Amino acid sequence: GGPAGFVRADAVAGSSGGGDPASAAPAPVRTSSVVQPVASYDQELLVAVRKFNLKPRDGVQYLQLRGFLSAEPGDIARFLHETKGLSKRKLGDYLGERGERHAELLSAYVRRFDFAGLSFVGAIRAFLSPFRLPGEAQKIDRIMCEFASHFVSQTPGVFSSADTAYVLGFSVIMLNTDAHSVQIKAKNRMSKADFVRNNRGIDSGADLPAELLSAVYDDIQTDEIRTGMSHDDMGEAELLEFFRQGSTFRKFNHARLAADRHHSCRLWVVADELRYQNLAARGKKEKAIPLGLIETVLLGPASEVFRRNGVRAESSDGAACFSLVCGGRTLDLQALTPEEYGIWTHYFQQVVERTKLEQHARRVALRGQPREAFVESATSVWWCEILPNWESASLEPRTQLLWWEGAPSAVRAQLWRIAIGEAAAGRAGYEAAVAETRPVDRVAALDRIQSALA
């Protein structure tokens, strides 16, 4: 049995968030004859999730037109609550929409939660886990009103009315931001006495028990409620747009005598390049780093630049800091929110892993080719792709790997002239250059090449 459109209660298993929607559960039996489906339920669900993550209404209507979902609020609420892969941000926006039908849907969705036996903060955590609160105040208000009503109905005796749970819910959200935002200095954070004082008389004119408010304060201080967005909250299209738009960071200065420790810097991604620009100085041109040159990501204030600027992990200045290591230098950044820190560091770690995988695959492919075929292929790459674009191509890992394998004889003369200059291309110039190089530099260069090929 079950609501119209579903025969099995576990037809779409799991909770909102990351994952493969097609692996959620067996398909429900179609009960509507609106349109005969031409694909399996799993395939239709994948399409619906992608549509939802772009425009929620389209995703819901897609399944309805194919007879897999009815128009009943309870049926739609089950889809929203149990389907994997839905964007948490889009889900929060959709739940907060105005209108009678959306109010019924929100009520049906909230009533799928069981708050019995949970503390107030525990209930808020469970409630906000599958979605993200929208940015519009009226949408947040509608969602929190429904939460408060359901919590009071399932936990009689805790509060005198739903209004108390509603007010305290917003107070908890404010405390959570105050306690964990990197933009609020430690000396300005709310104390426990401040929190208790701010919530006097909210229980129909009476004070809530001090031990309840104290427990709420301690819980939030110890464990942040994630109300912002994270890497796993967004669909692929949202992530691409997020990285294209970019974010503002604090970039810490390398110079020892710089007037300021850091300045505002915007980071964004275009194709296979990370671009950044100093926002504090007019006329500063943007800079670009090929993503393939990012060697590793240091989490926290772990670099020499952070140490030199007196930034420590245990201090408030050390929150949301990370460094990108590129060619022996570091790009040292501090995100303005924990959410942006999580999204960007996760992305850069994926970039590093992808680069390592590509380098390994390239080495295996090169060594697996017959020598003649390899030389022919490498010669073509040198002439057509690397030499005409030497300034950018010379920095690519692919070029370093091909160089290590040995430059084909057909390109060596041109390669040496471009790489080291006409004057240094002869034996005398080569010997003079080697003589000027310190032994430690030659060892370091060899170590880096060997590391890249390991």
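This is a predicted model: local features need pLDDT of at least 70, side-chain atom pairs count only at pLDDT 80 or more; totals for chains, interfaces and linings use all residues.
1. Phe120 and Phe159 are both buried, where buried denotes under 20% relative accessible area, exposed over 50% and partly exposed in between, with a 1.4 Å probe and protein chains only. The ring centres of Phe120 and Phe159 lie 5.4 Å apart with planes at 90 degrees, so the pair is edge-to-face. Rings of Phe, Tyr and Trp (its six-membered ring) count as a pair if their centres lie within 6.5 Å; planes under 30 degrees apart are stacked, over 60 edge-to-face and the rest tilted. Phe120 belongs to helix H6 (residues 120-128) and Phe159 to the loop between H7 and helix H8 (162-180), so the pair ties together parts that are 39 residues apart in sequence.

2. Residues are numbered from 1 along each chain as its sequence is written, and side-chain values use heavy atoms, with hydrogens and water left out.

3. The secondary structure of the chain comprises 19 helices and 7 strands. Helices (H or I, at least four residues) and strands (E, at least two) are DSSP runs numbered from the N terminus. Of the 454 residues in the chain, 40% are buried. The accessible surface comes to about 23,700 Å², and 52% of it belongs to carbon and sulfur atoms; such areas come from the Shrake-Rupley method with a 1.4 Å probe, and for residues only the protein chains shown count as cover.

4. Tyr109 and Phe113 form one that is edge-to-face, at 5.6 Å centre to centre and 70 degrees between the planes. Tyr109 is buried with a relative accessible area of 0%, and Phe113 also counts as buried, at 9%. Ring pairs link Tyr109, Phe113, Phe115, Phe120, Phe127, Phe131, Phe147, Phe151 and Phe159 into a cluster.

5. The largest nonpolar core has 54 residues, of which Phe79, Leu80, Phe120, Phe127, Phe131, Phe147 and Leu168 touch the most other members. Helix H7 (residues 137-154) supplies the largest share of this core, 7 residues. A second, separate core of 27 residues includes Phe249, Cys265, Ile294 and Val351. A nonpolar core is a set of buried Ala, Val, Leu, Ile, Met, Phe, Trp, Tyr and Cys residues joined through side-chain atoms within 4.5 Å.

6. In helix H4 (residues 88-95), 6 of the 8 residues are buried, so H4 is largely enclosed by the rest of the structure. Helix H5 (residues 100-110) has buried residues at His102, Leu105, Leu106, Ser107, Tyr109 and Val110. The cover over the buried residues of H5 includes helix H2 (56-65), helix H3 (73-82), H4, H6 and H7.

7. The 7 strands form an open sheet with antiparallel pairing, in the order S4-S3-S2-S1-S7-S6-S5; two strands pair if DSSP finds at least two bridges between them. Strand S4 (287-290) and strand S5 (294-299) stand at the edges with a single partner strand each, so one side of each is left without a neighbour in the sheet. S5 is joined by 5 bridges to strand S6 (residues 321-326), and the two run antiparallel. Thr296 has Val325 in S6 as its bridge partner.

How values were computed
Contact means heavy atoms within 4.5 Å.
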